[in-house]
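Welcome! Here is a short briefing for anyone opening this structure for the first time. Take a look at it below, then read on.

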Amino acid sequence: MLSCKDISHLASDHIDDNLSLLMKIKVKFHLFICHKCRDFIKQFRTTVKVIHQINPLPADQEAIDLQVQNLIKAKQHIKPDDVDRS
Amino acid sequence: MPEQILIKRLLNGDENAYRDVVTDYHSSMLYVARAIVGTAIADEVVQEAWVSVIKALPKFEGRSSLKTWILRIVSNNAKSRLRKESRHFSAGDAADLEIIGMPQERFSDNGHWAVPPSRWNIESPDELLTSDELQSCIRQAIDKLPAIQQTILSLRDMDDMSMEEICKILEISESNSRVLLHRARTKVFLAIEKFQGN
Ligand SMILES: [Zn+2]
């Protein structure tokens, strides 16, 4: 039988649905009898959702402008015969 | 906008299209570069990679998404940079000494919880994110992650890329990258748990 520690190691594979059928059954059985691990998995799932939703830091506009200008310059210097050798 | 149209505009040297892709992809490119060459020269590697992208774009065949293709160019450029400096890339061994998930001391010898996770007062992701304090606490936890974990976490959980794509970009094994992802998520979990406890 899986221990609580095993469950903590398998949490990501469990919530990403990346376990073999046998492991899936073993995990489900453990969660059925262990409320601490049920809480853990629920909160772990919340953690992943939070990471997913966290706003990316606003991009550095100056860096973007600079990069775009560099690209335009670079584009002007690319000769057609450069293309196949890149 | 469909990717083909975007690509056509990029091939024509359309400034707005450049702006769109730089805005959308630049930070992911930096993450990939940092994971391979380190923070100090990541910016430089990304700048070079952009030029490679523009040069190679006429050859893009659309077998992967444009983003995956661009990130692979970053990865290749970063690795050849390492070779030039006689360094080589290692994603770390998944079996190294760092714990896989929750800290050892949270469990008793028989593997049961010794210190079970505390019940969080706030349970929904939306509610959790209303706290600016918690947001900055999560960002700090992510910033403190080793570069490779930060990269995998951001590509997988923020950019929604598949593990398969991520492994192709970084050229690491799926089992290794899944362990690294789990470690990263666990550290964010512990940061939220600690915040809720205060
Ligand atoms: Zn348990």
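This is a predicted model: local features need pLDDT of at least 70, side-chain atom pairs count only at pLDDT 80 or more; totals for chains, interfaces and linings use all residues.

Chain A and chain B bury about 4,600 Å² between them, and chain B is itself divided into domain 1 (3-84) and domain 2 (91-197).

**Where chain A meets chain B**

- The contact draws on 45 residues of chain A and 52 residues of chain B.
- Of the area of about 4,600 Å² buried by the two chains, 63% is on carbon and sulfur atoms.
- Six salt bridges are counted between chain A and chain B. One salt bridge joins B:Arg178 to A:Asp13, with 2.5 Å between the closest N and O atoms.
- There are also 16 residue pairs in polar contact between chain A and chain B, both residues being at pLDDT 80 or more.
- On the side of chain A that touches chain B, at least two residues come from each of α1 (4-15), α3 (35-53) and α4 (61-77) of chain A. The helix that gives the most is α3(A), with 15 residues.
- By residue type, this side of chain A has 19 nonpolar, 16 polar and ten charged residues.

**Where the two domains of chain B meet**

- The centres of domain 1 and domain 2 of chain B, taken over C-alpha atoms, are 27 Å apart. Their contact takes 14 residues from domain 1 and 13 residues from domain 2.
- About 1,100 Å² is buried between these domains of chain B, and carbon and sulfur atoms give 57% of that area.
- Two salt bridges are found across this domain interface of chain B. A salt bridge also links B:Lys67 with B:Asp159, where the closest N and O atoms are 3.1 Å apart.
- Seven residue pairs, both at pLDDT 80 or more, are in polar contact across the interface of domain 1 and domain 2 of chain B.
- On the domain 1 side, α2 (15-37) and α4 (66-84) of chain B each supply at least two residues. The largest share, seven residues, comes from α4(B).
- That side of domain 1 divides into five nonpolar, five polar and four charged residues.

- A:Asp17 is not a glycine, yet its phi is positive, at about 55°. A:Asp17 sits in the loop between α1 and α2 (21-33) of chain A, and is exposed, with a relative accessible area of 54%.
- B:Asp160 has a positive phi near 65°, although it is a residue other than glycine. B:Asp160 lies in the loop between α7 (147-158) and α8 (163-170) of chain B, and counts as exposed at 51% relative accessibility.

Note on methods
Residues are numbered from 1 along each chain as its sequence is written. Chains are lettered from A and ligands numbered from 1 in the order in which they are written. Side-chain values use heavy atoms; hydrogens and water are left out. Contact means heavy atoms within 4.5 Å. Buried area is the accessible area (1.4 Å probe) that two parts lose on being put together, summed over both. A salt bridge is a side-chain nitrogen of Lys or Arg within 4 Å of a carboxyl oxygen of Asp or Glu. A polar contact is a pair of N or O atoms within 3.5 Å; within protein, one must be able to donate a hydrogen and the other to accept it, and residues adjacent in sequence count only if both atoms are side-chain atoms. Helices (H or I, at least four residues) and strands (E, at least two) are DSSP runs, numbered from the N terminus. Ala, Val, Leu, Ile, Met, Phe, Trp, Tyr, Cys and Pro count as nonpolar, Asp, Glu, Lys and Arg as charged, and the others, Gly among them, as polar. Buried means under 20% relative accessible area, exposed over 50%, partly exposed in between (1.4 Å probe, protein chains only). Domain bounds come from an automatic or database domain assignment.
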